[in-house]
Structure formats: C-alpha cells, structure tokens
Amino acid sequence: MEPTISVEPNVRRGEYRRFKLSTVFIYLVLTAWAMTTIYPLFWIVNNSFKVSRDVMNNSFSIAKEFNMINYTTAFDRINIGKSYVNSLIMSGSAVILVLIFGGLAAYVLARFNFAGKKVLYSLLYATLLIPAFATVVPVYELLIKTGTVNTYWGLILPHTAGNLTFAILVMAGYMSTIPKELEEAAFIDGSNRWQMFYKVFVPISRPVFASASIFVFLWSYNDLFSALIFVNKENVRPIVALLNEISSQYGTDFGLMATAITLTVIPVLIVYLFISKYIQQGLTEGAVKG
Amino acid sequence: MKGDRKYIFMFLFPSALFLTVFLYYPFFKSFYLSFYRTKGFFDKKFVGWDNFERLFTDKLLGAATLHTLELMLYVLLFQVGIALVLAVLIEGISRFKDFYRTVFFFPVVISGTAISLLFVLFYNYNFGLLNNILANFGIEKIFWLDEGNALKAVAIPTVWHYVGFYFILFLTAMSKIPADYYEAARLEGIGAIKRTTMLTIPLIMSDIKVVITLAITGTLKVFEFVWVITSGQNGSEVLGTYMYKKAMVDQNFGYGSAIAIYMVIFGVLLALLANRLLKRDEITY
C-alpha cells in the first residue's frame, strides 16, 4: 500500500501543474486579444480630452484634465448633434419597418403551409448574395425621380429593403421553434391569424426581435456607402458620413477627430453593454435554427 | 386554416413590395444598364457587350480584383483563423468567459468608418501613434500607407473588425456539440489538441463553411476601410471603392453597373468554389 499512496499525489501534482500552465497560456492569449479590443477605445477616449498638439506629441499620456474644447467644437462647428439625430431617426425607422414587415413575413414562413414556400426560402437565401453595389445606381435614380434623395426616406427605404431578408430568415428560424400548442390554445379562443401573430408570436419572439433590431440598427447606423450616395447633404447627413467629412476636412485636427470618433462609438458601446446578452443569444438562435 | 390565403398574401405583401422595388428591380436594372453607355441618367446608348469587354482590359479593375483577393486571403487566414483559435481556447477555461465574450465583440458594434478614422490616427506619418512608438525607440519613422504597405495597413482594421463576430458564431456551433462526446474523449485519454482537431473542428465543419462563405462575401463588400484610410491609393484599391469611383464619382452608371454585376458573379463563384473545396458529409447529432 505504501508505494501507491506516495506515488498518487505526485502524479496528481504533475497533472495539476500541466493543466495550470496551459490554462495560464489560454488566459494570456485571450487577454492579449482583449487588450486589442479595449486599449484602442481607451486611447481614443483619452485623447478626445486633449488639445490636438498633445494628441500629436504625446498620445499615450493620460489626460490630466478633462479639456472639453474638442467637444464644444464638435457640437458647435461641425454640428455633430444634428447628425446624431439624423442617424437615430433613419436607422431607428429602418429597424421599426424591418421588424413589422419582416416579422409578418417570418410568421408566414414559420407557420403557414403553402405551395412555393421552398422556392420562397431559396429566393430569400439568394437575395442575401445581392450586395448594395449591384442595386445602388437604379435605387439612386429611383430616389432622385421620387424626390426622396437627401431626405430621411432616402436612407430609410433602401436600408429597410436591404436588411429585410436577413431579418426574415432569422425571425422565421426562431418562430418555427415555438411549440404549436401555444397557438392551438389561441385558436380555440377564436383568435384569427392576425391576433395570433401579435398576441402569441410577438411576445414569445421578443429575444429574436431584439437581436434582429440590434443588427439592423448597427448595419444601418454604420453603412457609409449608402450614406455617401443617398443622404450626403448637411441637413440629413448621418454620423458615418459626417465622420468621413471630418477626416477629409479636419484631417489635421487630431483632437477633434478623436472626439468625433468617441462620440460615435461610445453611446453604441454603452447600449451594447446593456444588451450584449441579447445579441449573442440572437446570433445563436439565428445560427442554430436559421 | 380557413382564409389562410388572404393572410399569406397580406403578411407577405409589404416585404415583397420592399424587396421588389428596392432590391430585385434595381438588381435587374443594373444588369440592364450594364449594356449601355450612359451620361447621367437621361442619356444612354445601347452598346452590347462593350462594358463587359472593357472589364477584361481594364488594368485598374484587374488590380482591384487582385487586391480584393489578397484582402480575402488575410481575412480567411487571420479573421476566421483567430476567431476559431479564440473560440477553441475559451472553451478550455471556466472563469471570465462572459467578460471575454463581451469585449471580443466590441469592434463589431463600432462602425467601420470610426475604426478607419482611428487607424488614420495610428498610421499618420508625422504624429501617428505607430511612428510615435518608433520615435520613442529611436527608430526612423515609416510611411505606413505607401505603395508596399497600404493594402496591409487596410487589412489590419478590416480583420480586427469582425473577429468577434465569427468568434461568437464558432462558440455557438461548439455549444451544440453534445457534452458526452467530450466525456468520451476524456475517458479515452485524448489530449486537448487532438480533441480539437479530431473532434471539435470536424463537428463544426458545416459552421466553418458558413463562416468562410460569409467572410468571402463580406470581403467583397469592403468599402469604408479603404475609402477612409487610403481612398484606394498606393495599391489598395478594392472592387468596392473602384465601383464607387466609376459609378458615383465619374457618374459612369453603365460601366459601374457592369463592375457591380462582375462583383456579384465573382462572389458567387468564389463562394461555390469554397463550398466545393470544403465538401464533407454533414454531421447531425
């Protein structure tokens, strides 16, 4: 018995140490990547409180005082607040339209049986392959003809269409996993399809609505290409187009650029921190069932 | 259910209308326009295959295609690669998982334009962060955006932007693998590396395929990184920026549309090719 007892702890300890080393290595790698995602953000926020000269000469030092000069410039001279409002209105509207129309279409795909459903699915998947480049010229022409170019609708309409397909597929994937018993109960209650949709499906599908809206919002809010073409006038310009403008016009004012980036990024990040669970959950649902 | 046809029509109609007016119709119109020589919207002349013949003799387009392919290579190797490595690694730890998942996703929620501007501040010759670091070490400053470096300089933020996205997709795929598979592997005494290459990766192969397809089609859409950081100069022009310049800056709608059609076909071919190369039996569990 003696030998066994003396050997056993040694083996254990050896294993334990090896296990630990590899774990330390894993934490090191993960932390290193985390640094690449955190430090640039810190750097940019930090520098937004410095005057340009300090950003240029010493961008690593911590800002000793919160110099708000860049922020005043951003709001007074380049009117970043207006662009904010523009972005929120246009991207917010696109989200709402996508959720309503996409939700209804997803409900049909998830619950109705009809001829041509398979074809419809294939068509939707194929639609995902159409990039904005392949539609931009005729859409631009259409917007000019209808007088909607450089108005809020000039971005809302193309963005709604551009994000519908993705949203429909993800939402239909989620809805088709909802147990049928739930609607049978509603059916017995005498609900029609419309009531079933908003009484049963909308409440249950909240997680997928949440994640779809987040992605539609992000893609819309962040889309520079369409913004440059459809809404690049000062009164309707969304924030990404303004950023592009700043880089070409105020490219030497590093402090102002840092501030503009901070103002674009930080609100989105804060919202993200509150709802990150939904995003990842939504991606999960979409990927699993889509 | 009675009256279903009415509801099917009613519920599908708004989406169908949107997609038709702003996606399908413009797509076919682009195809149509690609056979015309245009001056603005009002003056156009049918020229047959001229625009497409021009595609094959356009040296700038050839260069943009090669740059896009190079960018795609970086994206597939590093973006998908790093995402996969991070996903495999994070499965091996028990603490701080949520923290890493949350911060890895940071760049994804930031706009590409803001990231690009950030990198403009990094790359600036006189005052940028990188040359600041070099100066601190007494090394001579580098032109980060010159002929030899520009495309790579654009590739870094492009790759960095979406690692977190694919990371989450991989994690999701891995979470679907039943725990008893790993239990069996553990009982067999299979090590971590072998478990990853022999078990995890084959089991999530269909998801890897999806990610690779997304990465390929995603790279073809790259626009803001190039536009903001280099404007496509010094050998960093990609298809997206070239199409924008031809169609929107030069207002050459016909040729611009031909480029767009070329991009769609190119993308579909690449995606099909990738799927063919990665063809495996689908695994269900």
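Colleague: In this predicted model, does Asn58(A) count as buried or exposed, and what is the reason?
Modeller: Asn58(A) is found in the loop between helix 2 (52-57) and helix 3 (69-76) of chain A. Because Asn58(A) has 11 C-beta neighbours inside 10 Å, Asn58(A) counts as exposed.

Colleague: What separation is found between the C-alpha atoms of Asn58(A) and Asn86(A)?
Modeller: Along the chain, Asn58(A) and Asn86(A) are 28 residues apart.

Colleague: Which helix of chain A gives the most to the side that touches chain B?
Modeller: The contact takes 68 residues from chain A and 73 residues from chain B. Several helices of chain A each supply at least two residues of this side, including helix 1 (2-48), helix 4 (80-111) and helix 13 (254-289). By class, this side of chain A has 50 nonpolar, 16 polar and 2 charged residues. The most, 15 residues, comes from helix 13 of chain A.

Colleague: Which element supplies the largest share of the largest nonpolar core?
Modeller: The largest nonpolar core has 164 residues, and those with the most contacts inside it include Met171(A), Ala83(B) and Phe170(B). The core draws at least three residues from each of domain 1 (2-48) and domain 2 (69-289) of chain A. Its largest share, 16 residues, comes from helix 8 (residues 150-175) of chain B.

Colleague: With which residues is Ala83(B) in contact, leaving aside its neighbours within four places in sequence?
Modeller: Ala83(B) is among the residues with the most contacts inside the largest nonpolar core. Leaving aside neighbours within four places in sequence, its contacts are Val163(B), Tyr166(B), Phe167(B) and Phe170(B).

Colleague: How far apart are the end C-alpha atoms of residues 253-274 of chain B?
Modeller: The unreviewed UniProt entry annotates residues 253-274 of chain B as "transmembrane region", and 71-90 is another of the spans it covers. Residues 71-90 are 100% helix, and their end C-alpha atoms lie 27 Å apart. Residues 253-274 are also 100% helix, with end C-alpha atoms at a separation of 31 Å.

Colleague: Which residue in the turn of the hairpin of chain B has a positive phi?
Modeller: Strand 1 (residues 36-39) and strand 2 (residues 43-46) of chain B run antiparallel and are joined by 4 bridges. One pairing is that of Lys39(B) with Asp43(B). The hairpin has 3 residues between its strands, and the turn residue with a positive phi, about 65°, is Gly40(B).

Colleague: Is Phe96(B) exposed, partly exposed or buried?
Modeller: Phe96(B) is found in the loop between helix 3 (59-91) and helix 4 (97-104) of chain B. Phe96(B) has a positive phi of about 65° although it is not a glycine. Because 15 other C-beta atoms lie within 10 Å, Phe96(B) is partly exposed.

Colleague: What is the phi of Gln251(B)?
Modeller: Gln251(B) is placed in the loop between helix 13 (239-249) and helix 14 (253-277) of chain B. With 13 other C-beta atoms within 10 Å, Gln251(B) is partly exposed. Although Gln251(B) is not a glycine, its phi is positive, at about 55°.

Technical notes: Residues are numbered from 1 along each chain as its sequence is written. Chains are lettered from A and ligands numbered from 1 in the order in which they are written. This is a predicted model: local features need pLDDT of at least 70, side-chain atom pairs count only at pLDDT 80 or more; totals for chains, interfaces and linings use all residues. Two residues are in contact if their C-beta atoms, placed from the backbone, lie within 7 Å. Ala, Val, Leu, Ile, Met, Phe, Trp, Tyr, Cys and Pro count as nonpolar, Asp, Glu, Lys and Arg as charged, and the others, Gly among them, as polar. UniProt positions are given in the numbering used here, feature names are shortened, and annotations may be inferred rather than shown by experiment. A nonpolar core is a set of buried Ala, Val, Leu, Ile, Met, Phe, Trp, Tyr and Cys residues joined through C-beta atoms within 7 Å. A residue is buried if 20 or more other C-beta atoms lie within 10 Å of its own, exposed if 12 or fewer, and partly exposed in between; C-beta atoms are placed from the backbone. Domain bounds come from an automatic or database domain assignment. Two strands pair if DSSP finds at least two bridges between them.
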